Amino acid sequence: MSAKDRTKAKADQTKGRLKETLGRVTGDRRTQSEGHLQKVKGELHDAVAKARHAAERKQHKGR
């Protein structure tokens with residue numbers, strides 16, 4: 001997992017949390033939903049990158 005990918009995933013998670021909270025505070029359900037989706041997207045990218053990194057580590061150990 002590259003540091004750039006991880007940083008982008010974490011940024012999406014943070015932005016999503018902020019947007020979701022803003023939507024909740026202001027009563028704007030659309031902003032809240034958009035924030036939730038952005039947060040989940042960041043979490044998914046992070047999970048995929050972690051799995052890719054684990055697979056690469058396992059492949060290198062097998063050599």
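**View 1. Leucine 18 sits in helix H1.** Helices here are DSSP runs of H or I with at least four residues, numbered from the N terminus. Look across to glutamine 38: leucine 18 and glutamine 38 are 20 residues apart in sequence, yet their C-alpha atoms are 10 Å apart in space. A word on what you're looking at: this is a predicted model, where local features need pLDDT of at least 70 and side-chain atom pairs count only at pLDDT 80 or more, while totals for chains, interfaces and linings use all residues. Residues are numbered from 1 along each chain as its sequence is written, and side-chain values use heavy atoms, with hydrogens and water left out.

**View 2. Helix H1 packs against helix H2.** H1 takes in residues 3–26 and H2 residues 29–61, and the two pack at an angle of about 160 degrees with their axes 7 Å apart. The axes are lines fitted to C-alpha atoms, for helices over the stretch in contact, and angles run from 0 to 180 degrees between N-to-C directions. That angle makes H1 roughly antiparallel to H2, a label for angles over 145 degrees. The contact of H1 with H2 has one nonpolar, 10 polar and 16 charged residues. In that count, Ala, Val, Leu, Ile, Met, Phe, Trp, Tyr, Cys and Pro are nonpolar, Asp, Glu, Lys and Arg are charged, and the others, Gly among them, are polar.

**View 3. Here are the buried residues of H1.** They are Ala9, Asp12, Gln13, Gly16, Glu20 and Gly23, and what covers them includes H2. As for length, the 24 residues of H1 should span 34 Å at 1.5 Å a residue, and the end C-alpha atoms of H1 are 34 Å apart, which agrees. The expected span is 1.5 Å times one less than the number of residues in the helix. Just after H1 comes glycine 27, with a positive phi of about 80 degrees.

**View 4. Now for the buried residues of H2.** Thr31, Gly35, Gln38, Lys39, Gly42, Asp46 and Ala49 make up this set, and H1 is part of what covers them. The 33 residues of H2 should span 48 Å at 1.5 Å a residue, and that agrees with the 48 Å between the end C-alpha atoms of H2.

**View 5. Lysine 39 belongs to helix H2.** This lysine 39 is buried, with a relative accessible area of 17%. Leaving aside residues up to four places away in sequence, lysine 39 touches Asp12, Gln13, Gly16, Arg17 and Glu20, where contact means heavy atoms within 4.5 Å.

**View 6. Glutamate 34 is a partly exposed residue of helix H2.** Its relative accessibility is 33%. Glutamate 34 and glutamate 20 are 14 residues apart along the chain, and their C-alpha atoms are separated by 7.0 Å.

**View 7. Arginine 6 lies in helix H1.** With 33% relative accessibility, arginine 6 counts as partly exposed. The C-alpha atoms of arginine 6 and glycine 42 are separated by 9.1 Å, with the two residues 36 apart along the chain.

Key. Angles under 35 degrees count as roughly parallel, over 145 as roughly antiparallel, 65 to 115 as roughly perpendicular and the rest as oblique. Buried means under 20% relative accessible area, exposed over 50%, partly exposed in between (1.4 Å probe, protein chains only).
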